[in-house]
Amino acid sequence: MFPFVFPERETQMLRLIGSHYHFRRAVPQAVQACLGRTEISLSLQTQSKLIARERAAALYASTGALFERARMMDEKPDTDLMKDLLAVQAQTIRDQEETLALAEECHVLDRKIRDTSHNMALLERIGSENAFLDESSKKIREIGQRFESMRQQLTTGIALSKQEKKMLKAEADRLSCMIVDIQSRQPAPVVQPMPQTPAQPVQEERKPAPKASSPLLSSMAERFIYSDKTKSADTLKATQKTISLFIEAFGDMPVRQITGNVAGEFFDLLSSLPVTHGKGKTVLPLRVVIAQAKERGVETVGGKTVKNHFSRLSALWGHLVKRDFSDKNPWSGWDFNVTKKIVRRGWTDRELALLAITHYSGAAVSHRTWAGIITIGMFTGMRLGEICNLRRQDIEVIDGVPCLHVRPHPEDGWSPKTTAGTRIIPIHSSLLGMEGLNLLQDNGEKYLFADLTLSNAGERGDNFARAFSKHKKRIGIPEDVTFHSFRHTVSTKLRNQEAHIRELWIDTVLGHEASHKSQGTMNYTSGIEVANLKQVIEALTYPPECIMPF
């Protein structure tokens, strides 16, 4: 959640008294006589600053309503007003505590489900091993009986021909090898000691006991990567994609069997993938996709993509090697061809004008969506994924300023790229004035651009991304200019403005991490007024011919 921004610059509304936070707000002078006090101070009953901000937000709204009612009163203060405020404070704290308790219960239940699934898998495995042991014991008893029969024949002097003796010896050798093989495959030998025959003792060197069975790749990824709460949603999604590619190609292998040879085969396979893999609606087997790419001569993924896949697997193997699940890391030490690198740059006015006047004739998205996404990118510098995931509820009026609230969507599993990506962006006056865009008009749709689709990887706006790339290439826009170049353009324009626009304000609008992450800088960033951010946005200007018409 984006941190609550108090609109009053000089008043410190959160105070740490002892180990708990308190809410403090000055009473306007016009109603001080009516309320009989100059300020309102209430305990928020929490040591967490994040929870204190949320509770203070609710109290801020309630005290505002209190002041408004007091202004309309002519006589003595109404004690019911203060009682209402205290009741709101108590209810806010109770709601917060109930929410935290529910979250903790959900976490405990989720952990129990994972533990139960793990135990069920162990039980199934134990059942399989018991069945194997029962069958092995039965076979060993049969072999022992045959050995005893041969021993008696050899020791009682039954007349045997040379050929019969030769056949009996060969049979004894074969049965001896079978016993050794069965013993090496089960955890504990159950065969009784063989009686020694003076005529033909069996000399067989025992094989070394094998290493313990190795866990599967998917279970190790779940244990060390997917369950790590510190990893971002993007990291988890990217790792899942890599693991899925490997399992599709080689199956869910035991990690100890994944050697350098297997890693090399995966390297060759990844290097043969077309750049469009996973971006379309059609799902074909991996090796069929590679065969089609070779036949058609399409462009394949670059070394950087292969390196990213290997880096994710190498990170997992770092845990496996430390815990002796694997002897070494087969994903490290590879050479990736990453020399081909295109340096991205911003748009020129000439290129923007060309984009604006060239008619988009595709059917992937509507004209409103086409022009709306491009225009928002020009006047905000937002990432394409952030624009495509904008919901109607993300348009808010804060301190009288219409804003876009970029924040995680827990219900959809989407979140901004970084922590700093969660932010408030005032809407440029040019965007508010575009009738075809109608940002402040609720049309009943959940998303601002409802005709965007989801890719197989779960990325919203896949149809727009492909259409934009094809259109840009068709009209002759260079390869080093992409949709992401709008961020470069906005950043360059803002940093060339007057000195009163601070660097920290620009980083906040663009969702960049502050260059100096001291505690003071972080506190100041969270308290930047919307009015200051609006100054930053309104500093963006373009020639009229660069604006795409609706």
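**Sheet and helix packing in a predicted model**

Contact here means heavy atoms within 4.5 Å. Axes are lines fitted to C-alpha atoms, for helices over the stretch in contact, with angles from 0 to 180 degrees between N-to-C directions. Helices (H or I, at least four residues) and strands (E, at least two) are DSSP runs, numbered from the N terminus.

A word on the source. This is a predicted model, in which local features need pLDDT of at least 70 and side-chain atom pairs count only at pLDDT 80 or more, while totals for chains, interfaces and linings use all residues. Residues are numbered from 1 along each chain as its sequence is written, and side-chain values use heavy atoms, with hydrogens and water left out.

Strand 4 is joined to strand 5 (residues 401-406) by four bridges, and Val 397 stands opposite Pro 402 in strand 5.

Strand 1 (residues 14-17) and strand 2 (residues 20-26) run antiparallel, joined by four bridges. They form a hairpin with two residues between them, and Gly 18 in the turn has a positive phi of about 70 degrees. Leu 16 faces Tyr 21 in strand 2. Strand 2 is also antiparallel to strand 3 (residues 39-43), through five bridges, with Arg 25 opposite Ile 40.

Next, a helix pair. The axes of helix 11 (residues 367-380) and helix 14 (residues 462-474) come within 12 Å and cross at roughly 80 degrees. The two helices are therefore roughly perpendicular, a term that covers 65 to 115 degrees. Trp 370, Ile 373 and Ile 374 in helix 11 meet Phe 464, Ala 467, Phe 468 and His 471 in helix 14. These residues divide into six nonpolar, one polar and no charged.

Finally, the whole chain. Its secondary structure comes to 18 helices and six strands. Of its 550 residues, 37% count as buried, that is, under 20% relative accessible area with a 1.4 Å probe, protein chains only.

Terms used
Angles under 35 degrees count as roughly parallel, over 145 as roughly antiparallel, 65 to 115 as roughly perpendicular and the rest as oblique. Ala, Val, Leu, Ile, Met, Phe, Trp, Tyr, Cys and Pro count as nonpolar, Asp, Glu, Lys and Arg as charged, and the others, Gly among them, as polar. Two strands pair if DSSP finds at least two bridges between them. Buried means under 20% relative accessible area, exposed over 50%, partly exposed in between (1.4 Å probe, protein chains only).
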